[in-house]
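Okay, thanks for making time, everyone.

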Amino acid sequence: MDRNTFIGLLLIALIVLVWMQLISPPPKPPEKTRFAPIDSSVVIHEDSVFNAKKQAETLRSMGEFGAAAAGVERLITVETDDFTAKISTKGASLISYVQKHHLNYKKEPFNLVSSPSGATSIFFQSNDGRNIRTADLYFTLLAEDSIFTVSGNAKLELPFILNLDNGKSIQITYSFNSAGYTIGYTPLFKGFENGIFGNEIQVEWAGGIMSSEKDKVDESANSYANAYQAGSLVKLDASSKDEKYKEQPSGKTKWVSVQSKFFCAALISGSDGTGAYLEGKHIAKSEKDVFEDYTVALRQPLVPNLEMKENFTIYLGPLDYKPMKALGVDLEKTMDFGWEWVTRPFAEWLILPVFNFMREYIPSFGLIIIIFALFIKLVTYPLTIASTNSMKKMASLQPQLQEIQERFKDNPTKLQSELGKVYRDAGVNPVSGCLPVLLQLPLLYALYNVFKASIQLRQQSFLWAQDLSVPDSIFDFPFSIPIYGDHIAVYPILMGVTIWVQQKVTPTTAPTEQMKIFMYIFPAMMLLFFNNMPAGLGLYYLMFNVFGIVQQIYINKTTPPAPVVHHVHEPKKKKKK
């Protein structure tokens with residue numbers, strides 16, 4: 001190789017090296033890390049070790065029940081004519097209950113059980129001081145099938161069994177009929193004659209009732225936990241999220257329950273319990289998304305034998321007076337019909353029987369309400385005639401009464417005495433004109449409670465009202481007006497008009513100016529009051545007024561009162577001596 005060739009190859013090599021250096025990407029700067037990378041497999045291993053230790057501690061704390069705290073969950077489905085229920089072998093607990101005849105506000109089936117881990121369980125304390133809850137234990141159902149159907153006259157019993165050492169076992173048996181909203185619940189303890197502290201268990205319902213209504217604020221305001229003791233209802237209302245709610249009443253207890261606006265879950269003892277436990281909390285996700293979560297328990301003594309057994313009944317369904325009354329345990333007391341000795345008799349002995357009777361022949365609850373309004377107006381017809389005659393007599397007495405008031409205005413005692421003489425001579429009672437209204441007030445309040453709390457009117461439509469148990473709103477505001485509300489309801493507006501017309505055709509003793517003011521104030525007040533009331537109540541009062549107007553016009557034309565002649569009692573003059 002000559003000199004020129006060598007120099008040429010060297011130059012070519014240099015050019016290639018410089019070119020490669022220019023076109024190659026710059027080197028990446030070293031990554032700055034503060035900590036060494038974490039191996040996820042190590043984390044998973046550490047978590048599993050932690051969980052295993054925690055589970056081992058739990059098992060040890062449960063003593064002889066520890067072995068039953070691990071297992072495989074199995075779901076059992078039972079379908080009847082009225083509901084579909086699901087029971088988990090973990091805890092032998094009811095985890096789902098879907099009614100077939102009552103839907104949520106979206107017209108969809110919904111689960112009444114709100115607790116994802118199940119609603120039913122048994123709590124007791126072992127003699128060695130361990131707190132045991134069956135919801136933590138795995139039971140076995142000997143049947144191979146997982147789906148059961150109960151129809152016709154058939155009945156079904158499903159025994160869930162938990163076997164322990166030394167011949168001990170716990171069996172929880174569910175019993176189903178083809179129709180109705182009750183489930184039998186029978187716990188049986190074998191070999192525990194000395195194994196349960198105080199020989200007492202607590203049968204629990206956890207989780208309240210799942211929300212089903214569009215207006216969750218109103219639904220929450222009508223949700224409670226109850227205990228029925230010696231004929232008296234103990235009620236717990238978790239109305240505020242900032243407070244803790246708990247009651248532990250002792251004494252003879254027949255049942256405990258939780259309820260929403262239209263549905264109820266109750267644990268009913270075959271023999272009276274010794275007390276109850278009620279706990280509630282108010283959960284508010286937002287101003288309009290609220291829920292009241294309740295846990296109730298019934299304390300039940302067990303006779304210490306080789307087999308300790310007690311029968312319970314679970315009622316899970318609508319707040320419907322007839323099936324609840326049929327249980328014979330006063331469960332219908334959970335339905336709030338107002339004052340116990342004033343409005344409740346109207347609801348139980350008049351409104352509900354008439355409604356149930358007409359329901360057998362009339363499919364529309366709107367028509368039933370109209371007929372009921374006509375029925376009440378006809379029943380009160382004699383009182384209305386008496387009231388009208390009294391008002392007309394009072395009107396004829398006005399000149400004389402005004403004369404007496406002017407004469408004795410400086411002597412109140414004498415004034416009342418003279419007015420009383422005029423009323424007695426004329427045979428007029430100044431308050432008799434108000435008698436029909438006073439008698440209707442308890443009925444109206446009872447109707448309000450029935451329409452608000454009874455399942456019958458729920459989702460029943462009439463004309464433009466889609467649900468007679470809530471206001472018949474035709475327009476919703478994006479805001480709320482004080483007293484009036486956040487919507488426009490039609491029945492209250494029509495009702496206000498009929499009140500004004502009825503006042504026009506009804507005789508009155510009030511001065512003209514006072515009457516003019518009252519004729520506008522009273523309908524306006526009723527409009528504000530009824531705008532947030534159930535549409536069924538507005539429809540009733542509307543039609544009651546319409547019938548009242550027709551009735552009043554008829555009375556005015558056909559029953560004119562006899563003319564009344566009165567004399568003013570002159571004060572006696574003193575004789576001159």
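Quick housekeeping. This is a predicted model, where local features need pLDDT of at least 70 and side-chain atom pairs count only at pLDDT 80 or more, while totals for chains, interfaces and linings use all residues. Residues are numbered from 1 along each chain as its sequence is written, and side-chain values use heavy atoms, with hydrogens and water left out.

So, the overview. We've got 12 helices and 21 strands; those are DSSP runs, H or I of at least four residues for helices and E of at least two for strands, numbered from the N terminus. The chain has 577 residues, and 44% of them count as buried, meaning under 20% relative accessible area with a 1.4 Å probe, protein chains only. Its accessible surface is about 31900 Å², with 59% of that belonging to carbon and sulfur atoms (Shrake-Rupley, 1.4 Å probe). And if you take the contacts with a separation of 6 or more, 65% are between residues 24 or more positions apart; contact here is heavy atoms within 4.5 Å.

Now the helix pair. Look at α6, residues 365-379, and α12, residues 535-558: their axes come within 9 Å and cross at roughly 40°. The axes are lines fitted to C-alpha atoms over the stretch in contact, with angles from 0 to 180 degrees between N-to-C directions. That angle makes α6 oblique to α12, because angles under 35 degrees count as roughly parallel, over 145 as roughly antiparallel, 65 to 115 as roughly perpendicular, and the rest as oblique. On the α6 side the contact includes Ile369, Phe372 and Ile376, and on the α12 side Leu539, Met543 and Phe547 are among the residues.

Is Asn531 buried or exposed? Buried, with a relative accessible area of 0%. Setting aside neighbours within four places in sequence, Asn531 contacts Pro471, Tyr484, His487, Ile488, Ala489 and Pro492.

Asn199 isn't a glycine, yet it has a positive phi of about 50°; you'll find Asn199 in the loop between β10 (182-190) and β11 (200-206). Ala230 also has a positive phi, near 50°, and lies in the loop between β12 (224-229) and β13 (232-236). Ala230 counts as exposed at 69% relative accessibility, the cut-off being over 50%.

That's my tour, so over to you.
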